[in-house]
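Thanks, everyone. I'll take the structure on screen piece by piece, and please hold comments until the end.

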Amino acid sequence: MLGFVIQRLIQAAAVMAVMSVIVFVGVYAVGNPVDIVIPPDATQDVREEAIRRLGLDLPLWRQYFLFVGGVLQGDFGRSFIYNEPVLSLIAGRAPATIELVLISVLCATVIGVSLGVYAGYRPHAPLARAIMALSVLGFSVPTFWVGLILILTFAVSLGWLPAGGRGETVLILGVRWSFPTLDGLAHIALPALNLALFKMAMMIRLARSGVREIMLTDTIRFARAAGISEATILRRHVLKLIAAPIITVFGLELGSTLAFAVVTETIFSWPGMGKLIIDSITLLDRPVMVAYLILTALLFVTINLLVDLAYAAIDPRVRSGEAR
Amino acid sequence: MSAPSTPLALFWADFRENRVALAALAMVALIALAAIFAPLIAPQNPYDLATLSLMDARRPPGFVGSGGYVHLLGTDPQGRDLVSAILYGLRISIQIGVAAGAVALTLGATLGVAAAYLGGRLEALIMRAVDLQLSFPPILLALVLSALLGQGRLQLIAALVAAQYAYFARTAYGAASAERRKDYVEAALATPLSGRRVVFRHLLPNCAPPLIVVATVQIANAISLEATLSFLGLGLPVNEPSLGMLIANGFPYMMSGRSWISVYPGVALIVLIVAINLVGDQVRDQFNPRLRR
């Protein structure tokens with residue numbers, strides 16, 4: 001097992017090294033940030049001074065190694081636009097995104113699993129068919145379009161909920177959060193629902209197929225024969241058995257929901273990391289782009305590493321490399 | 001009616017039985033035709049700035065503009081007739097979706113079949129890279145790539161292909177490595193037939209069904225991704241509005257109740273995507289041996 005862990009750690013480190021080169025070179029191939037940092041009527045001297053200050057006069061490979069050296073000491077450089085250390089900029093935006101992602105994945109799981117269990121328990125009921133139609137729509141319709149319709153319905157036509165921003169926030173442990181206040185909850189409702197719909201569709205399908213399979217097994221037949229109530233059967237036997245795959249997907253989806261948050265945050269002007277990356281792309285703020293991409297890559301590599309290790313801990317065939 | 005005999009006729013006979021899928025196919029065909037013949041049926045060329053008038057901008061459906069005809073779905077902030085803009089937008093969406101899907105299919109199938117056929121280190125290398133890529137959400141890849149490559153059709157297609165080829169590679173690899181071990185391939189390889197012939201005549205045709213299924217889904221996904229990127233302002237240049245950009249253009253006016261600018265292009269987009277997905281679902285069910293009667 002130790003050998004496997006070391007092997008996977010080396011692989012993960014190699015992937016991160018490759019990703020950092022690709023991201024760095026890729027981002028540095030785009031546009032010339034000097035034109036954005038200095039005023040258009042600046043003299044040649046000011047221009048060259050800016051180039052030197054940003055380190056853009058060095059050859060690319062030296063810029064890369066300076067960057068990597070900084071990153072290893074926790075320094076991702078300073079934003080060209082905000083003139084603030086990138087890491088603190090991202091850290092300042094992170095709570096908004098984390099809050100949004102956690103709430104929406106939680107909603108998706110709770111609502112999705114309940115609907116899915118019902119649809120699997122009574123597969124031919126009209127409501128179950130409606131639920132499945134909903135999940136097909138949830139899969140097909142692009143996230144940004146759902147967001148627009150939510151704004152149009154709940155913010156513009158009905159006027160029940162605000163269409164953007166974080167609302168009133170509360171300071172907890174030095175970080176601002178929206179969810180503890182009523183106003184904050186009202187602001188988070190629409191973006192969270194928007195982000196949750198796709199995951200909800202997936203959870204519905206997962207729970208439904210799991211329940212349908214388990215309901216046909218002998219376990220359920222014997223439990224019914226023993227006179228156990230349907231509610232107890234569902235709770236004790238069915239839910240317990242479908243829990244494992246749902247928890248796995250829950251973990252994996254946390255990562256990909258972060259990616260979709262980019263779209264949702266843009267629509268609802270939610271001041272999180274996703275909005276930051278879109279803004280930095282349009283403003284050519286290279287340090288922020290590089291840092292965001294590398295941190296995201298690190299997040300996904302870590303998630304994959306943990307999933308691999310968890311499977312290896314459960315299934316010895318994975319460790320020995322038999323089941324590939 | 002005579003009994004159908006060829007595989008295609010049998011497939012069609014099965015397909016016809018699902019009314020929903022048949023209606024969806026008709027819808028896809030209708031939209032495709034409308035998009036192809038857009039220059040003939042659209043009342044206006046939305047890319048021709050000379051025909052646009054700001055006097056006509058943001059007018060509600062039914063408005064008779066300076067062109068002398070009724071804007072059935074209203075006009076957008078630049079004064080484009082929305083019917084024309086949607087028809088031309090569908091054209092772009094379908095072109096990009098089909099082009100990205102076709103290139104991703106070719107690239108992915110080549111990599112997947114090559115990995116399964118050649119084996120060894122190359123197989124491990126290719127599939128490791130593909131698996132790695134599959135662990136990243138495609139929307140993030142497409143977003144980053146289109147930001148890096150800049151605006152334009154080719155750049156957009158490249159970004160979509162990079163985000164999607166891995167699904168084809170995974171599918172082709174799965175099918176090809178299963179076929180590769182079967183006796184008929186071993187037998188074909190034992191004869192003096194060239195390896196290329198075995199791959200193209202024996203291996204590839206048997207990998208086609210799952211690839212066709214993935215292709216329909218991925219074309220729908222490419223259209224949806226393209227719309228998302230254009231909505232975020234990362235897709236196509238502004239002078240050629242795709243559906244996503246039309247929706248984005250209308251977004252600021254939504255709050256003031258002028259919702260038609262965003263809503264109608266969106267409806268066209270959704271109908272197209274859902275119809276393709278419904279056709280894809282039926283094709284998948286028909287290829288699935290477990291559901292066959």
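Let me start with one side chain. E230(A) is partly exposed, at a relative accessible area of 29%. Its partner is R224(A), and the two side chains form a salt bridge, 2.8 Å from N to O. R224(A) is partly exposed too, with 40% relative accessibility. A reminder before I go on: this is a predicted model.

How many salt bridges does the rule give over all chains? The count is 3.

Next, D218(A). D218(A) pairs with R221(A) in a salt bridge, and the closest N and O atoms are 3.2 Å apart. Why about one helical turn between them? Because D218(A) and R221(A) sit 3 residues apart in helix α9 of chain A, which covers residues 218-225. Now the accessibility. D218(A) comes out at 45%, so D218(A) is classed as partly exposed. R221(A) has a relative accessible area of 55%, so R221(A) is classed as exposed. The cut-off for exposed is over 50%.

Then K275(A) and D279(A). This is a salt bridge with 3.5 Å between the closest N and O atoms. Both residues belong to helix α11 of chain A, residues 273-282. They are 4 residues apart there, about one turn of the helix. K275(A) is partly exposed at 21% relative accessible area. D279(A) is partly exposed as well, at 22%.

S269(A) has a positive phi, near 40°, and S269(A) is not a glycine. Where is S269(A)? In the loop between α10 (230-267) and α11 of chain A. The relative accessible area of S269(A) is 39%, so S269(A) is partly exposed.

Now another serine. S104(A) is in helix α5 of chain A, residues 86-121. Is S104(A) buried or exposed? Buried, with 1% relative accessibility. What does S104(A) touch, leaving out residues up to four places away in sequence? The contacts are A192(A), L195(A), A196(A) and T257(A).

On to the annotation. The UniProt record, an unreviewed entry, places "transmembrane region" features on chain A at 12-31, 100-121, 133-157, 177-198, 241-270 and 290-314. I checked two of those spans against the model. Residues 100-121 of chain A are 100% helix and 0% strand. Their end C-alpha atoms lie 31 Å apart. Residues 133-157 of chain A are 92% helix, again with 0% strand. There the end C-alpha atoms are 25 Å apart.

Over to chain B. Chain B has 11 helices and 2 strands. The order from the N terminus is α-α-α-β-β-α-α-α-α-α-α-α-α. Chain B has 293 residues, and 47% of them are buried. What about contacts along the sequence? Take those in chain B with a separation of 6 or more: 69% of them join residues 24 or more positions apart.

Last topic, the interface. How many residues of chain B contact chain A? 31 residues of chain B, and they meet 34 residues of chain A. The two chains bury about 3000 Å² between them. Of that area, 83% is on carbon and sulfur atoms. Across this interface the rule gives 0 salt bridges.

Which elements of chain B supply at least two residues each to the side that touches chain A? They are α5 (120-134), α6 (138-149), α9 (195-231), α10 (243-254) and α11 (260-287). α11(B) gives the most, with 9 residues. By residue class, the chain B side divides into 23 nonpolar, 7 polar and 1 charged.

To recap the interface: 83% of the buried area on carbon and sulfur, and 0 salt bridges across it. That's the tour. Comments, please.

Key. Residues are numbered from 1 along each chain as its sequence is written. Chains are lettered from A and ligands numbered from 1 in the order in which they are written. This is a predicted model: local features need pLDDT of at least 70, side-chain atom pairs count only at pLDDT 80 or more; totals for chains, interfaces and linings use all residues. Side-chain values use heavy atoms; hydrogens and water are left out. Contact means heavy atoms within 4.5 Å. Buried area is the accessible area (1.4 Å probe) that two parts lose on being put together, summed over both. A salt bridge is a side-chain nitrogen of Lys or Arg within 4 Å of a carboxyl oxygen of Asp or Glu. Ala, Val, Leu, Ile, Met, Phe, Trp, Tyr, Cys and Pro count as nonpolar, Asp, Glu, Lys and Arg as charged, and the others, Gly among them, as polar. UniProt positions are given in the numbering used here, feature names are shortened, and annotations may be inferred rather than shown by experiment. Buried means under 20% relative accessible area, exposed over 50%, partly exposed in between (1.4 Å probe, protein chains only).
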